[in-house]
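Please keep the sequence and the model in view while reading.

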Amino acid sequence: MMVTCEQMQRLEESAFLRGVLAKDLMEEAGVGIAKVVQQFFPQTGALVLCLGKGNNAGDALVAARILKERGWQIVVRLAYAEKDFKALPAAHWKALGGEFKIVNSLVELSDERGSVVVMDGLIGIGGVGRGALRGGLADVVLEINALRERRHVEVMALDLPSGLDGNTGVPGACCVRADLTITIACVKVGLLADAAVNHVGRLVVVPLRELADGAGDADAVVLLSNRLLSKLPRRDFDFHKGRAGRVGIVAGSRGMLGAAVLSARGALHGGAGLVTVYVREEMYALLAPMMPVEVMVKPVPNYEVCLEDRLDVLVIGPGLGRMFAEEVRAILKKVAVPVVLDADGINAMAESDARLDFLGEVKARVLLTPHPGEMARLVTGAEEWKCLSRAELAREFAERFPNVQLLLKGSRTVIAAKGRALAFNTTGNPGMASGGMGDVLSGLCGALIAQGLDGYDAACLGAWLSGRSAELAITHGEVSQESLTAGDVAANLGRAFASLKALDF
Ligand SMILES: NC(=O)C1=CN([C@@H]2O[C@H](COP(=O)(O)OP(=O)(O)OC[C@H]3O[C@@H](n4cnc5c(N)ncnc54)[C@H](OP(=O)(O)O)[C@@H]3O)[C@@H](O)[C@H]2O)[C@@H](O)CC1
Ligand SMILES: Nc1ncnc2c1ncn2[C@@H]1O[C@H](COP(=O)(O)OP(=O)(O)O)[C@@H](O)[C@H]1O
Ligand SMILES: [K+]
């Protein structure tokens with residue numbers, strides 16, 4: 001459920017009227033935040049608490065109390081004097097005990113060695129409608145952003161990045177740039193605005209039992225493991241490869257053969273029963289040795305031949321090049337099974353004279369997976385869509401093409417289909433900004449469709465899993481955001497499935 005800050009405050013007020021205690025909510029929030037920290041930062045280090053005077057600071061203090069017991073070194077930067085704390089955070093300030101360091105400025109941490117994680121507990125929904133940050137809060141925000149930029153510390157914002165308008169998502173002049181935002185109970189609408197993305201970063205929701213339902217936008221959801229897991233088919237003991245599904249892949253061309261390999265790896269590690277990659281005869285000798293041995297590589301004189309095979313889904317486009325556009329369009333006119341249309345598959349349509357009308361005439365269900373550049377090519381000329389946000393564009397597009405499910409890629413991937421809630425992915429990191437990530441995703445989505453999911457569910461699950469895989473490659477593997485490759489994402493999909501089943505954040 002997505003809420004405005006005012007709706008969130010009303011939810012809290014009605015919980016208090018039912019007898020729920022603010023201190024219990026804060027304890028539950030803090031326990032959840034500590035779990036999130038342990039998931040994303042399995043190695044302990046220095047935890048720098050940046051505290052305002054309200055309950056947002058209280059959440060941070062509860063989490064810090066727990067993390068201190070688990071071995072984190074606590075450092076505190078106060079935006080106000082200690083005496084200014086409201087009652088609840090004041091109590092948790094006392095409970096934190098001694099044994100921590102107070103700094104007057106975060107500049108003091110510029111040369112701190114080891115892992116440093118900053119927690120922004122400056123201000124949450126209490127800042128709504130109060131204008132730009134002032135005084136001590138503004139000073140600390142500037143210090144956080146400077147430390148993040150120069151010292152490469154990780155910044156976690158609690159509930160909202162301080163300085164962000166939680167309703168519109170517009171960042172104020174002083175606004176925390178977080179790598180991770182841990183929002184409490186419900187997602188505040190502003191967190192999903194296009195303007196907010198570089199301040200929010202990875203979005204995590206810590207649920208609170210007593211604030212679970214209520215008013216808000218039910219036509220939009222964020223993708224969370226607890227909702228996604230039920231979409232993943234549970235395998236019977238006598239499951240076999242035929243039931244796991246047959247994925248056909250039309251991908252790769254001279255200069256871009258690796259795209260076919262990455263897509264096939266996405267399909268294999270996504271659980272497909274049988275994966276067949278179709279390759280032009282003249283490329284066969286080059287591509288076949290590059291493929292994982294589990295993949296069937298079929299030389300064809302023309303890609304339309306794939307229509308003769310028994311398949312459950314056809315993935316078309318990764319690294320296909322522009323010279324087979326006619327064949328792609330011919331396949332789309334005849335294909336009966338669901339299609340995942342990516343990259344040059346999308347370009348093949350964008351280049352046709354009919355463009356969007358062509359898409360409307362395709363009989364099969366099509367999961368379209370454009371990145372923003374491919375999307376722009378596809379809707380060129382559709383003037384009415386020029387000024388829309390990513391979410392609005394996805395919604396309008398899905399409304400116009402009922403046979404299409406849209407996965408619009410980006411740091412905040414959105415998924416839309418007619419009659420379904422607009423879904424915002426939460427996982428992934430800037431390490432994914434390198435070639436081939438989308439190729440893995442296309443094969444992964446294909447595998448999920450082959451296992452019986454519809455295109456919308458496959459897109460939701462595929463986006464979450466590929467982003468989570470990128471995260472796990474960094475937290476549990478030997479790579480950094482800089483060194484992460486699409487191959488790492490394919491290789492870590494098993495960890496991502498395990499993480500989904502563990503109901504990780
Ligand atoms: N209620 C609960 O039980 C639960 C609450 N929860 C948590 O509490 C958070 C809300 O806490 P909150 O209401 O205490 O407000 P919070 O955001 O900490 O700060 C408000 C303070 O900031 C100040 N201030 C405001 N604007 C300013 C400006 N522009 N520039 C400078 N200062 C400004 C203002 O000071 P004033 O100006 O009034 O003196 C005020 O004292 C919520 O986001 C969530 O994290 C969860 O644990 C769930 C249970
Ligand atoms: N900063 C980021 N945060 C999260 N996910 C990202 C980020 N950058 C890229 N991605 C994801 O990586 C993938 C890139 O896909 P795409 O651009 O099609 O790659 P390619 O065409 O090279 O295979 C998409 O799933 C996208 O959502
Ligand atoms: K905050």
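For a chain of 505 residues, a compact globule would have a radius of gyration near 23 Å, and the protein, with 24 Å, agrees with that expectation; the radius is taken over C-alpha atoms, and the globule rule is 2.2 Å times the number of residues to the power 0.38. This is a predicted model, in which local features need pLDDT of at least 70 and side-chain atom pairs count only at pLDDT 80 or more, whereas totals for chains, interfaces and linings use all residues. Residues are numbered from 1 along each chain as its sequence is written, chains are lettered from A and ligands numbered from 1 in the order in which they are written, and side-chain values use heavy atoms, with hydrogens and water left out.

Along its principal axes, the C-alpha trace spans about 80 × 45 × 45 Å. The protein has 19 helices and 19 strands, these being DSSP runs numbered from the N terminus (helices are H or I with at least four residues, strands are E with at least two). Buried residues make up 57% of the 505 residues, where buried means under 20% relative accessible area, exposed over 50%, and partly exposed in between, with a 1.4 Å probe and protein chains only. Of the contacts (heavy atoms within 4.5 Å) with a separation of 6 or more, 74% are between residues 24 or more positions apart.

An open sheet of seven strands runs in the order 4-3-2-5-6-7-9 with parallel pairing, two strands being counted as paired if DSSP finds at least two bridges between them. Its edges are strand 4 (101-102) and strand 9 (202-206), each of which pairs on one side only. Within this order, strand 2 (residues 46-51) pairs with strand 5 in the parallel sense over six bridges, and C50 has D120 of strand 5 as its bridge partner. Strand 6 in turn runs parallel to strand 7 (residues 180-184), with three bridges between them, and M156 has L180 as its partner in strand 7.

Strand 5 itself is mostly covered, since six of its six residues are buried. V116, V118 and D120 point one way from this strand, and V117, M119 and G121 point the other way. V118, which lies in strand 5 (residues 116-121), is buried with a relative accessible area of 1%. Leaving out residues up to four places away in sequence, V118 touches V48, C50, I144, L147, V153, E154, V155 and M156.

H92, found in helix 4 (residues 87-95), is likewise buried, with a relative accessible area of 13%. Apart from its neighbours within four places in sequence, H92 is in contact with M26, E27, G58, L61, V62 and R65.

What of the nonpolar interior? In soluble globular proteins, nonpolar side chains tend to be buried together. A nonpolar core is here a set of buried Ala, Val, Leu, Ile, Met, Phe, Trp, Tyr and Cys residues joined through side-chain atoms within 4.5 Å. The largest such core has 109 residues, and those with the most contacts inside it are M119, L368 and F397. This core draws at least three residues from each of domain 1 (2-218) and domain 2 (229-501), bounds that come from an automatic or database domain assignment. Apart from it lies another core, of 59 residues, among them L262, V277, V479 and L500. V277 is 159 residues from V118 in sequence and 46 Å from it in space, C-alpha to C-alpha.

F397 touches, among others, L368, V404 and L406, not counting residues up to four places away in sequence. Strand 17 (residues 404-408) has five of its five residues buried, so it is largely enclosed by the rest of the structure. V404, L406 and L408 point one way from strand 17, while Q405 and L407 point the other way. Strand 16 (residues 366-368) pairs with strand 17 in the parallel sense over three bridges, and L368 stands opposite L406. With strand 18 (residues 414-417), strand 17 pairs in the antiparallel sense over four bridges, and L407 has I415 as its bridge partner. The hairpin of strand 17 and strand 18 has five residues between the strands, and G410 takes a positive phi near 155 degrees there.
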